[in-house]
Amino acid sequence: MDIKESQSYLDIAKSLAEEFAQTAVVRDVKGGTPKNERDRLRETNLLKLIIPKEYGGLGQSWITVLQITREFAKVDSSIAHVFSYHHLGVVIPHIFGSAEQKQRYYTETIRNNWFWCNALNPLDKRNILTPENNYFRLNGIKSFCSGSHDSDILPITAIHQETGELIILVIPTQRLGVTVNDDWDNIGQRQTDSGSVTFENVLVYPEEILGIRDKPSQPFTTIRACLTQLNLANIYLGIAQGAFAAAKTYTRTKTKPWLTSGVKNANQDPYILEDYGKMWADLQAARCLVDEAGELLQATWEQEWSLTAEQRGECALLIASAKIVTTKIGLEITNRIFEVMGAHATSAKYGFDRYWRNLRTFTLHDPVVYKIRDVGNWALNDELPKPNFYS
């Protein structure tokens, strides 16, 4: 991997993040689709990062994609969400489809500058795929469809009406019968459009059927859960880093020392210094763990169809550890920043509460206690995590 090339994409992302930061608070209040920001991502070619160069992509590693995701999360975790889930979506044909489908969707994504979203949600089984002559019809509804508004492609799971199997398919968002509902109204991640999509007698062609989701044939077909989980850990870490940076600026410029502190400036208050010391140390520990997991994930991805169950399990274990730590530290820091900033920092104009709201919303993606159990089972019984939808 060309380090200079990767750094250039990271520099582009940092510049974009500075741009997104200018409107982050206002857009958080507004909610809805971050259309301008999504278009900026299209313009910069960052949507092509993970697609191999042989298909016209930029051929970057997951390490680079996740680093960029983290940069966006520092200022706007909704943008980090839709950006990263595009990359999690664009590799679905690679993981679950045939060689022909992999090539088709990679090359068509490049040709059309497609923005992928996420409508898999395997726990929501209300979608039914029914055979009809030489094609299929899709009917039902899917919840938590992140990035669905302004997307071009929908990767979906549906129950096969005859076999009961959980099928993965890919269709255009604008196809007749697809309705992206405007019903995302949560306390956090307000610009992710993570509401529902309704499917009414939608035509599905055989070549749009990728495979069976709940019957993995090889370890590599279970890798997407690892990708998703480490993506979450990077976003959690980015939110915490962003909250820390915002608090630092506020404390040094606006916070007043407590009347019995004995100091003239808040940045010399011994208790504030103690809190910053703890937060900084926690963030460094989390960053090292997340980065180590990223290195292992990339190595695991590169094994592709040679990947063993043990290698996959070791990767999932380290990612679970990163997820546990970033959840715990992130929730602590996004709450603790108010103690070092003071009461005036709760003013709505600053929007500092968005860090906690976004993280609290996102950390409920799946219960972290089950990750803790998996790690505990390894620590005590030497048993690696077994693949499922979320691990």
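The expected span of a helix is 1.5 Å times one less than its number of residues. Helices here are DSSP runs of H or I with at least four residues, and strands are E runs of at least two, numbered from the N terminus. This is a predicted model, in which local features need pLDDT of at least 70, side-chain atom pairs count only at pLDDT 80 or more, and totals for chains, interfaces and linings use all residues. Residues are numbered from 1 along each chain as its sequence is written, and side-chain values use heavy atoms, leaving out hydrogens and water.

**View A. Helix α7 from end to end.** Helix α7 holds 14 residues, 99-112, and spans 20 Å from first to last C-alpha, close to the 20 Å expected at 1.5 Å a residue.

View B. Look for Gln101, Lys102, Tyr105, Tyr106, Thr109 and Ile110, the buried residues of α7 (buried is under 20% relative accessible area, exposed over 50%, partly exposed in between, with a 1.4 Å probe and protein chains only). They fall within an arc of 160 degrees seen down the axis of α7, so they line one face of the helix (the arc is taken from the directions from helix axis to C-beta atoms). On the other side, Ala99, Glu100 and Arg111 are exposed.

**View C. Around Phe72.** Phe72 touches residues including Leu16, Phe20, Leu41 and Phe83, not counting residues up to four places away in sequence (contact means heavy atoms within 4.5 Å).
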